Amino acid sequence: MEEVTSSPASDKSDPARRDRSNRSAALWATLVAVPVTLAVAGFTFAKLAPDTPAAEPSPSASAARPQSTTPVELPAPALAERPATVCRALVSQLPATVRDLAQRPVTAGPEQNAAYGDPALTVACGGTPPVKPCPSPTAGGRLADGCFLDTDEVWSVNKVCWHPAKEPGATVLTAVDREVPVQVRVPDEYQQPLQWVTPISDAVVASVPAAKTAPSGCSA
């Protein structure tokens, strides 16, 4: 006799079980599809989004100043042979730049004058008589012209003694311990004038002999 065995009813004959199976499959499909969809969307957005614009470069403290190349107007008084020789030696030793100021041409006396930057910092050699210690005041209390009091302010920068004097728009620094006078005019735009004569002082020491006499403050 042929044996007949019974088997559980299939999902097709049980609507409730078939519905539960369909919902379970749909839930798993959703759980798998959502992360994949998010990943694809994120990748697509990243590819389509414009690149972040590069930040504008910030101004550098060491960036060169905008400068004119127009010749700077300077007087060129006639010099005796000895000062003229010394001044030519000085100009030949001057640096191409003073800090961030490039050298500019001058209208006259390139053998005794130099200029840097805009506004122009200027160097003039031999145009004024050497500064000498002042003699005793006259009866009227007036000091001789072009002399130097020991009580005047002086500053030593790289072995050169500079006397500062203020004039409208600038500070004029005069080397008072040299055989031939050297004057540097530093516009007010350039703060701390003494810092600007450091490379010029090196050229002065290399080319302008020291004076036989100098204000006592210069030896301090």
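Cys161 and Cys218 are both buried in this predicted model. A disulfide joins the two, with their sulfur atoms 2.1 Å apart. The link is left-handed, with -75 degrees about the S-S bond. It connects distant parts of the chain: Cys161 sits in strand E8 (residues 160-167), while Cys218 belongs to the segment after helix H4 (198-207), 57 residues apart.

How many disulfides does a search of the whole structure find? The search finds two. The other partners are Cys87 and Cys125, whose sulfur atoms are 2.0 Å apart. Cys87 lies in helix H2 (residues 81-93) and Cys125 in strand E4 (residues 121-125), so this pair ties together parts that are 38 residues apart in sequence. Cys87 counts as buried because its relative accessible area is 0%, and buried means under 20%. Cys125 is buried too, with a relative accessible area of 1%. The torsion about the S-S bond is about -85 degrees, so the disulfide of Cys87 and Cys125 is left-handed.

Here are the two links side by side.

| Disulfide | S to S distance | Torsion about the S-S bond |
|---|---|---|
| Cys87 and Cys125 | 2.0 Å | about -85 degrees |
| Cys161 and Cys218 | 2.1 Å | -75 degrees |

Now let us look at the strands. Eight of them form an open sheet, in the order E1-E2-E3-E4-E10-E9-E8-E7, and the pairing is antiparallel. Which strands stand at the edges? They are E1 (97-98) and E7 (155-157); each has a single partner strand, so one side of each is left without a neighbour in the sheet. The partner of E1 is strand E2 (residues 101-104), joined to E1 by two bridges and running antiparallel to E1. Here Val98 stands opposite Leu101 in E2. Helix H4 lies across E1, E4, E7, E8 and E10, and runs at about 130 degrees to E8.

Is Val182 buried or exposed? With a relative accessible area of 0%, Val182 is buried, because buried means under 20%. Val182 lies in strand E10 (residues 182-187). Leaving aside neighbours within four places in sequence, the contacts of Val182 include Leu90, Val123, Cys125, Trp162 and Val204. Trp162 is 20 residues away from Val182 in sequence, and their C-alpha atoms are 9.3 Å apart in space.

Not counting residues up to four places away in sequence, Leu121 touches residues including Leu101, Ala114, Val184, Tyr190, Trp196 and Ile200.

A pair of aromatic rings is described by the distance of the centres and the angle of the planes. The count of aromatic pairs comes to one. Tyr190 and Trp196 form this pair, with 4.9 Å from centre to centre and 40 degrees between the planes. Why is the pair called tilted? Planes under 30 degrees apart count as stacked and those over 60 as edge-to-face, so the 40 degrees of Tyr190 and Trp196 make a tilted pair.

Notes
Residues numbered from 1 in each chain as written. Predicted model: local features only at pLDDT ≥ 70, side-chain atom pairs only at ≥ 80, totals over all residues. Heavy atoms only, no water. Helix = DSSP H or I, 4+ residues; strand = E, 2+ residues; numbered from the N terminus. Buried < 20%, exposed > 50% of the residue type's maximum accessible area, 1.4 Å probe, protein only. Contact = heavy atoms within 4.5 Å. Disulfide = S-S within 2.5 Å. Pairing = 2+ DSSP bridges. Axes fitted to C-alpha atoms, helices over the stretch in contact; angles between N-to-C directions. Phe/Tyr/Trp six-rings, centres within 6.5 Å; stacked < 30°, edge-to-face > 60°.
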